[in-house]
Amino acid sequence: HSRRTDIIKMGKLSKAALREELARHASENVSILEKSDEKEVAHVFGDAFTEDEMIAWIAGLDEDDPKREEKMHALAKYLMRFGNRGCLVGNQGVAAGIKSRDGGDELAGCMTIIPSSCSAERMIDHIFAAFSYGMPPIYKKSEKDHYCSIASKRLMSLVSLTKARKKHMKGTSKWIYLQAIGVLRSKHGEGYGSKLIRTITDTADALSAPVYLETESEQNESMYQHFGFRTVEKVTMQVPGDDRSDATFSMWLMLRDPKEEK
């Protein structure tokens with residue numbers, strides 16, 4: 001029994017193996033991103049998640065707030081930069097980007113991917129990120145009044161997603177977590193997101209590894225189903241005592257099994 005446990009531990013997917021296979025499947029305008037791309041990735045994710053349902057729930061802004069987009073963008077850029085830092089400047093995972101087809105070097109979209117060997121949350125990564133980027137807007141004395149009074153509690157409640165991920169992947173040694181994927185809003189509908197998803201699903205199939213993700217809308221759920229993902233759980237988030245009209249927020253937890261080579 002202990003021998004079997006050792007084999008399972010040894011069988012986790014390494015960052016090096018993921019990076020190598022991802023590089024093999026990156027084609028045309030898709031490439032692996034490096035530390036020097038961190039600011040551009042922050043720009044892409046900040047723009048891509050400005051209208052995101054999860055960011056909107058955390059922010060808790062009125063629909064008619066004249067500075068809604070500005071506030072949403074500030075929060076999205078900070079949270080996405082903070083959360084994905086380890087895939088670019090740390091050892092947590094790998095980032096890949098897709099360049100715009102108009103001939104320039106600018107990214108149209110990007111994604112961050114974490115292999116199972118790196119899936120544990122590391123406090124040191126959060127500390128380094130906090131030193132690098134300062135406090136989130138929802139905690140800053142000068143900015144927190146821009147958001148709803150329980151924004152910080154809503155953010156902290158998302159830790160339950162990490163627990164759910166561990167629950168669903170328990171007993172699986174080799175797997176991939178698609179942590180974030182985003183495309184500039186001006187580039188929506190041009191196939192950039194689909195190309196990134198196909199890159200990671202082809203990589204996962206070659207590695208015989210399932211892919212896990214969370215998404216925050218039924219529209220996204222049906223889009224991922226098109227790529228072979230299935231919903232393993234729908235979770236509804238709500239901070240205890242939150243009686244605002246936007247108190248609840250749903251996430252779809254999805255898994256894609258690797259396709260066997262024929």
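Buried means under 20% relative accessible area, exposed means over 50%, and partly exposed covers what lies in between (1.4 Å probe, protein chains only). What you're looking at is a predicted model, so local features need pLDDT of at least 70 and side-chain atom pairs count only at pLDDT 80 or more, while totals for chains, interfaces and linings use all residues. Residues are numbered from 1 along each chain as its sequence is written, and side-chain values use heavy atoms, with hydrogens and water left out.

**View 1. The whole chain, before zooming in.**
The protein chain has 10 helices and 7 strands; these are DSSP runs numbered from the N terminus (helices: H or I, at least four residues; strands: E, at least two). Of its 262 residues, 49% count as buried. Take the contacts (heavy atoms within 4.5 Å) with a separation of 6 or more: residues 24 or more positions apart account for 75% of them in the protein chain.

**View 2. Helix α3, tucked in.**
Helix α3 runs over residues 38–48, and because 8 of its 11 residues are buried, the rest of the structure largely encloses it. The buried ones are E38, V41, A42, V44, F45, G46, D47 and A48.

**View 3. Where α3 meets α5.**
α3 packs with α5 at an angle of about 130°, their axes 8 Å apart. (Axes are lines fitted to C-alpha atoms, for helices over the stretch in contact, and angles run from 0 to 180 degrees between N-to-C directions.) The two helices are therefore oblique to each other; angles under 35 degrees count as roughly parallel, over 145 as roughly antiparallel, 65 to 115 as roughly perpendicular and the rest as oblique. On the α3 side, the contact is made by E38, K39, A42, H43, F45, G46 and D47. α5 brings H73, A76, K77, M80, R81 and N84 to it.

**View 4. R68 in α5.**
Stay with helix α5, residues 68–84, and look for R68. Buried or exposed, this arginine? R68 is buried, since its relative accessible area is 19%. If you skip residues up to four places away in sequence, R68 touches A56, L61, D62 and E63.

**View 5. L75 and the nonpolar cores.**
A nonpolar core is a set of buried Ala, Val, Leu, Ile, Met, Phe, Trp, Tyr and Cys residues joined through side-chain atoms within 4.5 Å. In the largest one, which has 47 residues, which members touch the most other members? They are I58, L75 and L158. Not counting residues up to four places away in sequence, L75 touches I55, I58, A59, P137, I138 and Y147. Another core, of 29 residues, lies apart from the largest one, and its members include L13, L178, A209 and F227.

**View 6. α2 against α9.**
Helix α2 (residues 15–25) packs with helix α9 (residues 192–207) at an angle of about 120°, and their axes are 9 Å apart. That angle makes α2 oblique to α9. From α2, the residues making the contact are A17, L18, E21, L22 and H25. From α9 they are T199, I200, D202, T203, A206 and L207.

**View 7. T201, also in α9.**
T201 is found in helix α9. With a relative accessible area of 4%, T201 is buried. What does T201 touch, not counting residues up to four places away in sequence? The partners are F227, F229 and R256.

**View 8. V94 in strand β2.**
V94 sits in strand β2, residues 94–99. Its relative accessible area is 1%, so V94 is buried. Leave aside neighbours within four places in sequence, and V94 is in contact with K15, L18, R19, L22, I32, C87, M111, T112 and I113. For I113, which is 19 residues from V94 along the chain, the C-alpha to C-alpha separation is 5.3 Å.

**View 9. A247 in the loop between β6 and β7.**
This loop links β6 (230–237) to β7 (249–256), and A247 is part of it. A247 counts as buried because its relative accessibility is 5%. Setting aside neighbours within four places in sequence, A247 is in contact with W57, R154, M237, Q238 and D242. A247 and T236 are 11 residues apart in sequence, and their C-alpha atoms are 9.9 Å apart in space.
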